[in-house]
Amino acid sequence: MNIHNKGKQLEATYGWWNSEKIDKWDKKYDDYDIYTMRYLNSRQKKVLKFVDEIKLKSGAKVLELGYGAGQTALKLGQRGFEVHGLDISNKLCELAKQRCQKECPEGNFFLRSGNIESKLDYESETFDMILIVGVLQYLYDPGACLNEVYRLLKPGGYLINAQRNYYCLSKFSSCKRLLATCIQFFLKEKYLTFPSIKSMLVDSKLGYFFKRFENSKLFNTKFMLQGKPDWKFLVKKNIFSYRILKSLLLKKGFSFIKADGAYYYLSEKPERYEFNLRTDDYLQKLIDQGIAPFLTHRGRSTIILSQKK
């Protein structure tokens, strides 16, 4: 992306997270389809496990960047932390405030809306812990955000980062998804390529050869478009995996402590969702028993605990 597209990325991200239907995130953890709830609650459970293992004192200052409808911020407040938060969505900001005030009226919550890609309006070395859950893929420059996180953490402060893993098990479940994953891996793509033939040829580095055919009749047939969502807001999502995220954190000066994964599923097809739930249960048991620790890098989310040196 060039400088011109930085504004487009922010505009698309802001538009998406302030759209009419975005308040569905208020229900996704406890009143939605069982598969979405399984994924989000599995991820949150792993994040909170790391939070509890750190054993911060009550009253510790915690910042969540991209707190959404406040489900995790609420859990942090219930643990006695002073919870600060910044989110790009005005709608979700109000929903999060309502949730936290209703379910934890004694908590100390300071949630507001804003752009986490700009210089953050907090003093340096303010926070004991910062959480970023499912956010970095939407940013124009994730590294710049992590620079700010490093500035805001106290020496020895902790960062918990959970990101969608684009090299999870389900990416190997169909020929087109496997092909898209191979293109992303071997061409070292920075941005997500959708599992449609057109997206693979036009939106990846292969676009150097095929971009000229983007508006042709052939490239807009049902066969070529199948697998590409019809999004109103064209957000270019950064690709993350365990290795990509860990490498970025180390590059920004953080010390790696440990990692985990969440939601182990094998298929993206709705008719296979029941099978996915059983697979997740089984694979999680193998991981918990220490039989297949390598699977932690193949969950839908990768969660990393790191520390400011």
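Which residue in β7 does Tyr158 stand opposite?

Modeller: Tyr158 stands opposite Gln307 in β7. This is a predicted model, in which local features need pLDDT of at least 70 and side-chain atom pairs count only at pLDDT 80 or more, while totals for chains, interfaces and linings use all residues. Residues are numbered from 1 along each chain as its sequence is written, and side-chain values use heavy atoms, without hydrogens or water.

β5 (residues 153-164) and β7 (residues 301-308) pair in the antiparallel sense over seven bridges; pairing requires that DSSP finds at least two bridges between two strands. Strands (E, at least two residues) and helices (H or I, at least four) are DSSP runs numbered from the N terminus.

The pair belongs to an open sheet of seven strands with mixed pairing, in the order β3-β2-β1-β4-β5-β7-β6. Because β3 (108-113) and β6 (254-262) stand at the edges with a single partner strand each, one side of each has no neighbour in the sheet. From one strand to the next the twist averages 15°.

Helix α2 packs on this sheet and touches β4 (127-133), β5, β6 and β7, where contact means heavy atoms within 4.5 Å. The direction of α2 makes about 145° with that of β6. Angles run from 0 to 180 degrees between N-to-C directions, and axes are lines fitted to C-alpha atoms, for helices over the stretch in contact. α3 lies across β1 (61-65), β2 (82-87), β3 and β4, at about 175° to β1.

The two helices also meet. The axes of α2 (residues 34-54) and α3 (residues 71-78) come within 11 Å and cross at roughly 30°. That makes α2 roughly parallel to α3 (angles under 35 degrees count as roughly parallel, over 145 as roughly antiparallel, 65 to 115 as roughly perpendicular and the rest as oblique). Gln44, Leu48 and Val51 of α2 make the contact with Gln71, Thr72, Lys75 and Leu76 of α3.

α3 packs in turn on α4 (residues 90-103), at an angle of about 30° and with the axes 9 Å apart. α3 and α4 are therefore roughly parallel to each other. In this contact Gln71, Ala73, Leu74 and Gln78 of α3 meet Arg99, Cys100 and Glu103 of α4.
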